[in-house]
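Trainee: Let us go through this model term by term. I will ask where each label comes from.
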Amino acid sequence: MTSEKETYHIEIETEETLSYQPGAALGIMPFNSQEAVDEIIRLTGINSQKQIQTTKLTASVQELLHKHLNISYLLKSVVAQYAKITGHSIPDVRLGLLDLLRIYPVKGPDEFEQVIKILTGQSPRLYSVSSSLEAHGDTEIHITVAKSEFFIDDQKQNGLCSGYLSQFKEGEELEFYIQDAGHFKLPEPEKDIIMIGPGTGIAPFRSFLWERDATGAEGRNWLFFGDRNFISDFLYQSELIDFLKTGTLTHLDTAFSRDTVEKIYVQHKLKQKAQEVFYWLEGGASVYVCGTKDPMSRDVEETLLDIIQDEGRRSRTEAVSYLEEMELSGRYAKDVY
Ligand SMILES: Cc1cc2nc3c(=O)[nH]c(=O)nc-3n(C[C@H](O)[C@H](O)[C@H](O)COP(=O)(O)OP(=O)(O)OC[C@H]3O[C@@H](n4cnc5c(N)ncnc54)[C@H](O)[C@@H]3O)c2cc1C
């Protein structure tokens, strides 16, 4: 059975030695495809080597379009500026530059030069680090990337950066920066942790587990993982089973939503273990949630509140304060997107 989704485990070897904590993320600046850039140059007739000064830098048209400017899914405000420059009447929508040029062509290279100057800079995308410095060394770093897919007029499209990363060939170079773990970091080694990370939300928890395994941390580790199907979507299954065998993982609870008639998600598994979860919380465990913001992290938070309310015999308001106090003291952290 093949998965309906594409998820990539990517290992990056670095020239310089790295320094990061589990919970950190990589910032990656995607490049636009050379085919798209060639097509833009063909449609506009602009000289690809012409140097152009934008608000941030001066570079050739080729370099600006390939590395520095966003050409996909332009903001409505940019589309409106495009309409103004070209004199076309364009609906108030977000569109890619290529579509704009095909449907509402520019009059020539000079007009396109004005268009280049209104394009916004490319934004980096963040990916949770899924490796541990202690376990994997300081010249290697891993990420776990789900290829983002969506449809336009029944045509499957990919997100820019995840599409770009999914096509990476072994040996190709990649530039990135490391964003600090911030609030999303491991507690003292003797403290227990509960990790809730369906899908790619597992990435930082793989890092946590490898780190705790490599450093012999004594605190107990409980992971709630979920995805669509057990057979095709159980990310890092063999590693997790090994962690269970060695005792690094105390508990592993999984929810595969498409394997059952009634969809089961991580929050349902959490609820099933309400008593023990609350027991861990009362014992000082930290709770981490990573993955999709909506609805996953909201449903998980509601479930945590239910557990605190029911098991702790508190009112809803008291349960909210309980979780807020955990958050303030760094015992409840979310990295959701
Ligand atoms: C702290 C943090 C950690 C993260 N960790 C991970 C991780 O470990 N693994 C992971 O896979 N992701 C992670 N992400 C998400 C990741 O940063 C990206 O947001 C994700 O990969 C999508 O980026 P993209 O460039 O592929 O898609 P984008 O091109 O940015 O597109 C994103 C969405 O915009 C819409 N869209 C884009 N273009 C069009 C269009 N032309 N028409 C209509 N709609 C469009 C689609 O809905 C699409 O799915 C994390 C995010 C944060 C903030």
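**Labels and their cut-offs**

Mentor: The centres of domain 1 and domain 2, taken over C-alpha atoms, are 45 Å apart. The model is predicted, so local features need pLDDT of at least 70, side-chain atom pairs count only at pLDDT 80 or more, and totals for chains, interfaces and linings use all residues. Residues are numbered from 1 along each chain as its sequence is written, and side-chain values use heavy atoms, with hydrogens and water left out.

Trainee: What are the bounds of domain 1 and domain 2?

Mentor: Domain 1 is 34-118 and domain 2 is 193-336. Such bounds come from an automatic or database domain assignment.

Trainee: Why are α1 and α2 called oblique to each other?

Mentor: Helix α1 (residues 34-44) and helix α2 (residues 61-68) pack at about 140°, axes 10 Å apart. Angles under 35 degrees count as roughly parallel, over 145 as roughly antiparallel, 65 to 115 as roughly perpendicular, and the rest as oblique. Therefore α1 and α2 are oblique.

Trainee: Which residues of α1 and α2 meet?

Mentor: Gln34, Val37, Ile40 and Ile41 in α1 meet Val61, Gln62, Leu65 and His66 in α2. Contact means heavy atoms within 4.5 Å. By class, this contact of α1 with α2 has five nonpolar, three polar and no charged residues.

Trainee: What makes β10 and β13 a pair?

Mentor: Pairing takes at least two bridges found by DSSP. Strand β10 (residues 193-196) and strand β13 (residues 286-291) have four, in the parallel sense. Ile194 has Val287 in β13 as its bridge partner.

Conventions. Axes fitted to C-alpha atoms, helices over the stretch in contact; angles between N-to-C directions. Helix = DSSP H or I, 4+ residues; strand = E, 2+ residues; numbered from the N terminus. Nonpolar A, V, L, I, M, F, W, Y, C, P; charged D, E, K, R; others polar.
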